[in-house]
Amino acid sequence: MKKELVIILLLIFSLDANAWWDKGHKIVCDEAYKLLTLKAKEFVDPLIQEHGSFGVACLWPDWVKNGDRKDTRNWHYINLPDSEQNTYKASCPENGCLIDAFHKQMKILNDPNKTASKRAEALWFVGHFVGDVHQPMHVGYPEDKGGNDHKLKFSDKTLTNMHSVWDGQIIEHMDFLYGEEYLYNNVSIKIDKFLKNPQSSEFESWAQESRDIAMQQSVGYRNNELEIVTKEYMERHFEIVQERIALGAIRLSNTLNTMNIESN
């Protein structure tokens with residue numbers, strides 16, 4: 001009982017919505033960097049220099065979305081009503097969405113006539129958005145803001161929400177049980193495994209996978225079925241979280257490796 005209480009308290013004190021993605025985004029981009037070709041690294045290196053690593057650069061979009069770049073807040077997700085499960089048919093609102101923002105930033109990144117600073121920002125956005133699209137609650141419902149308004153309780157009645165659970169608390173539970181390196185090690189194992197398989201290059205396909213996961217009965221998101229978050233719930237979904245980060249890393253590296261890179 002004492003151990004369970006400690007776990008719950010640890011989760012409560014880390015409700016920051018960036019909790020997963022400070023770590024998750026960094027892993028996606030750092031692992032992707034390891035898979036880049038020499039040519040791709042030569043292109044990427046000057047664009048991430050001010051941040052010191054690709055992983056840190058990929059955190060930048062979250063740093064600015066609530067400050068100087070509030071216009072980018074809607075770029076981090078795409079929410080679809082229950083009647084629209086097909087991400088390929090999704091339409092973005094005027095202020096943008098994750099799918100539209102990714103394609104626009106890729107266009108900037110591919111344009112040798114854009115300034116180095118514009119292309120650098122585009123790279124940071126692209127890396128970040130690949131991480132976002134692999135998190136199921138970034139392809140959620142508009143009426144509950146991607147699970148933010150799907151209110152949940154832990155076993156001790158303390159409050160959380162579906163987005164926070166998937167954005168950070170599953171990973172923090174993982175860290176608590178097995179240590180900080182557990183996620184890194186399992187992602188690395190899964191990358192080695194998935195590298196043997198062909199991967200879709202379509203951003204919409206990655207979004208569809210996340211949507212399909214969000215709709216799974218075990219997740220309990222559809223129809224607000226989940227009410228109580230147990231440690232068993234979180235542990236049951238460790239594998240999905242690890243797989244999504246691993247796939248994000250592989251697909252980001254493939255995206256950058258297959259660019260027709262030109263310098264301005």
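Colleague: At 25% relative accessibility, what does E209 count as?

Modeller: E209 counts as partly exposed, a class that lies between buried (under 20% relative accessible area) and exposed (over 50%), with a 1.4 Å probe and protein chains only. This is a predicted model, in which local features need pLDDT of at least 70 and side-chain atom pairs count only at pLDDT 80 or more, while totals for chains, interfaces and linings use all residues. Residues are numbered from 1 along each chain as its sequence is written, and side-chain values use heavy atoms, with hydrogens and water left out.

Colleague: Which residue forms a salt bridge with E209, and how far apart are the closest N and O atoms?

Modeller: A salt bridge needs a side-chain nitrogen of Lys or Arg within 4 Å of a carboxyl oxygen of Asp or Glu; for E209 the partner is R251, with the closest N and O atoms 2.8 Å apart. Because E209 lies in helix 10 and R251 in helix 12 (residues 238–257), the pair ties together parts that are 42 residues apart in sequence. R251 is buried, its relative accessible area being 3%. Salt bridges that share partners also join K23, D175 and E180 into one network, and the structure holds 15 salt bridges.

Colleague: By how many residues are K34 and E31 separated in helix 2?

Modeller: Helices are DSSP runs of H or I with at least four residues, strands are runs of E with at least two, and both are numbered from the N terminus. K34 and E31 are three residues apart in helix 2 (residues 19–34), which means that about one helical turn separates them. They form a salt bridge whose closest N and O atoms are 2.9 Å apart, although K34 is exposed at 56% and E31 is buried at 13%.

Colleague: What should the 17 residues of helix 8 span?

Modeller: The expected span is 1.5 Å times one less than the number of residues, so helix 8 (residues 162–178) should span 24 Å, and its end C-alpha atoms, 23 Å apart, agree with that. Since 14 of its 17 residues are buried, helix 8 is largely enclosed by the rest of the structure.

Colleague: What follows helix 8?

Modeller: G179 follows helix 8, and its phi is positive, near 100 degrees.
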